[in-house]
Amino acid sequence: MQLIEEQPVSRPQRDAPEILVIGGGKGGVGKTCLAANLAVEIARRGWRVVIVDADLSCSNVETVLGIQAARRLDDFFYQKGGKDLGQVVCETHYDNLAIIPGTTGLLDVANPKYQQKIALIRELQTLEADLIVVDLDAGAHLNTLDFFLMADTNGILVITPEKTSIDNAYKFLRASLFRRVERFYQSPELALLLKRIESLREFIECVKTSNTFEGETKGAICRELVALARSMKPKIVVNRARNAYEAQIAANILSKLARQHLMIEPENLGYLVFDNHVSETINSGMPLVVSYPRLKISQCIADLASRLGYF
Ligand SMILES: Nc1ncnc2c1ncn2[C@@H]1O[C@H](COP(=O)(O)OP(=O)(O)O)[C@@H](O)[C@H]1O
Ligand SMILES: [Mg+2]
């Protein structure tokens, strides 16, 4: 079914899908609304998009898209033998947009084993699509961090112009970086040092002065740490902003924290204005870009899609 008026455009196909992970640490900042609307907007431009509800305990992408899927991620986690994520992909009301619905949220599927999670990440990369949009949950627990780290350069941090949200996003980014370092080295000595420090700069100082490593090893580790941080290029989206100026200030504060303490240089991708229609569209199951394409907020979503390269 095609609820959108324009004719679908046919696009050149990509070899492997791009993965865009939407996180941010804090709950209620608008990650799911952004993920769903961005996915619909990019699909309507002719790109093949799959939206993945990776909020393993409280999934609600289906609600925002106004559908009820017959299969869910639980089925993937408990498939016997070789796992096939394709079997869990469901259609939506929109051309070019498929969904991998979330889990039932029951205890064991909300906390998948490491191997189950790795299998999911591996399978996502084999899906036939141009773009996979992954909606994460709040908090900075390992599941969320590992999903966020799936795509080094393509994590979106959603914040609002409030100190609490900026602070949570900074802590989420720091936890992601430290998790990346932990997984890169798999060294108990470094993991121990990492537990006691608050920033990457402090960690580098700690490595330099520690007796655990030889001089040359210390130098190599410090260079690798900087390279690991620099290769992370998160994109900031400020939601519920009153205007572009307010959004810019919030994004600048987060960028400065990331640069000063973590040596990470985020990109300011854009913003969404506060709009009272958002909750109405959630209740109706008709995303903003479909029900109110002319609102400023829908224009903001369209701008984000273009800035991501999906014209
Ligand atoms: N730009 C906005 N303007 C007004 N309300 C918004 C906006 N974005 C999100 N909301 C509201 O914030 C709430 C949380 O949004 P949601 O996408 O579920 O957040 P998250 O996924 O980060 O927990 C929703 O009830 C929605 O109505
Ligand atoms: Mg959500």
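1. Two residues are taken to be in contact if their C-beta atoms, placed from the backbone, lie within 7 Å. The model is predicted: local features need pLDDT of at least 70, side-chain atom pairs count only at pLDDT 80 or more, and totals for chains, interfaces and linings use all residues. Residues are numbered from 1 along each chain as its sequence is written, while chains are lettered from A and ligands numbered from 1 in the order in which they are written.

2. The chain holds 14 helices and eight strands (DSSP runs numbered from the N terminus: helices H or I, at least four residues; strands E, at least two). Of the contacts with a separation of 6 or more, 77% join residues 24 or more positions apart.

3. Buried residues make up 43% of the 311 in the chain (buried: 20 or more other C-beta atoms within 10 Å of the residue's own, with C-beta atoms placed from the backbone). The C-alpha atoms fill a box of roughly 65 × 55 × 40 Å along the principal axes.

4. Helix α14 (residues 296-307) has 12 residues and reaches 16 Å from its first C-alpha to its last, close to the 16 Å expected (1.5 Å times one less than the number of residues). Its buried residues are I297, S298, C300, I301, L304 and A305. Seen down the helix axis, the buried residues of α14 fall within an arc of 155°, so they line one face (the arc is that of the directions from the axis to the C-beta atoms).

5. Those buried residues of α14 pack against α1, β7, β8 (267-273) and α13 (288-291). Just after α14, G309 takes a positive phi of about 100°.

Definitions and conventions: Buried ≥ 20, exposed ≤ 12 C-beta atoms within 10 Å, placed from the backbone.
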